[in-house]
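Me: Hi! Could you walk me through this one while I have it open?

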Amino acid sequence: MKYFLTFTFIISAIVIKSQSKSELSELQVRYNFTFIKDTLDKNNSVTEPMILLTNGKKSVYYSEYYKTNIDALNKQLEAPVNKGDIRTISFNGLPQAKVKHSVYKDQNDILISVFMRDLYTFKSSDILSWKISKKENKSILGYKCSKAMVTVDNKNYIAWFTYDIPINDGPYKFRGLPGLILQVSEEHGYFNFEAISIKKVKQAMDFKKGILITKDQYIKKRNEYISDPSQGKENSESYRRYVEENKKKSNIFLE
């Protein structure tokens, strides 16, 4: 079942370019996103590299592993097929994307797409009211960074941003500071985004929209998905045990 879900995710999440010409990024920022799904087991964390493509006005943010899988799939689909051959798709040796969300930001909106057997997209209406500390500084990737704090969805975050890169952007939905955000950490360590590289890149910023829903609808669908990932297609005893264990572990979320 795990392979089927992974394959379905890859097929469903292929980026479809809009009819209009995509805008190009100016920077590519790679972040390590480390998160804990089970608050009762803080030693069991997951880390996945993420990509932020931004030009200061618009940006897209997604899993690097997801992009690697998409590129491999497209390459296999574009390869010529000999008459009579049956095409087989292989993901052997490729990293499995565990992060199922991507984010689009422009000057007006923040759209978050999440895959749960189907791809859903909702608009984030969070207002980030940052408090900037003028006393605390540290260095990240050689950039002098200042500290800022914000509360989102009843979770407190500490961010470090640099005035040296005057781009109002950052990982996930974080933005609104007078410089690029290089690190964001939830106060209990449940979520941490930390920049690991920055380079100038001219690349199309494509974003795949899914079924448009509200945030409340997303939360409802997420809870339904956790309660039954197969949506009634599986009902064995081992599957029911897996679901109950997963429900206990999945107890903290970004949204």
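Me: Is Lys-147 buried or exposed?
Reply: Lys-147 is buried, at a relative accessible area of 13%. Buried means under 20% relative accessible area, exposed over 50%, and partly exposed in between, using a 1.4 Å probe and protein chains only. This is a predicted model, where local features need pLDDT of at least 70 and side-chain atom pairs count only at pLDDT 80 or more, while totals for chains, interfaces and linings use all residues. Residues are numbered from 1 along each chain as its sequence is written, and side-chain values use heavy atoms, with hydrogens and water left out.

Me: Which residue does Lys-147 form a salt bridge with?
Reply: That's Glu-136, with the closest N and O atoms 3.2 Å apart. A salt bridge here is a side-chain nitrogen of Lys or Arg within 4 Å of a carboxyl oxygen of Asp or Glu. Lys-147 sits in strand S8 and Glu-136 in strand S7, so the pair ties together parts 11 residues apart in sequence. Strands (E, at least two residues) and helices (H or I, at least four) are DSSP runs numbered from the N terminus. Glu-136 is partly exposed, at 37%.

Me: And how many salt bridges are there in the whole structure?
Reply: The search finds 11. Lys-215 takes part in one with Glu-255, at 2.9 Å from N to O. Lys-215 is in helix H3 and Glu-255 in the segment after helix H4 (237-249), so parts 40 residues apart in sequence are tied together. Both Lys-215 and Glu-255 are buried.

Me: Which residues are joined into one network?
Reply: Asp-126, Asp-153, Lys-173, Lys-215 and Glu-255, through salt bridges that share partners. Lys-215 and Asp-126 meet at 3.9 Å, N to O. Those two are 89 residues apart, with Asp-126 in the loop between S6 and strand S7 (131-140).

Me: Changing topic: which residues touch the most other members of the largest nonpolar core?
Reply: Phe-33, Tyr-61, Trp-130, Phe-174, Phe-191 and Phe-193, out of 45 residues in that core. A nonpolar core is a set of buried Ala, Val, Leu, Ile, Met, Phe, Trp, Tyr and Cys residues joined through side-chain atoms within 4.5 Å. Strand S1 gives the most to this core, with five residues.

Me: What does Trp-130 touch?
Reply: Its contacts (heavy atoms within 4.5 Å) include Met-149, Phe-174, Leu-177 and Ile-181, not counting residues up to four places away in sequence.
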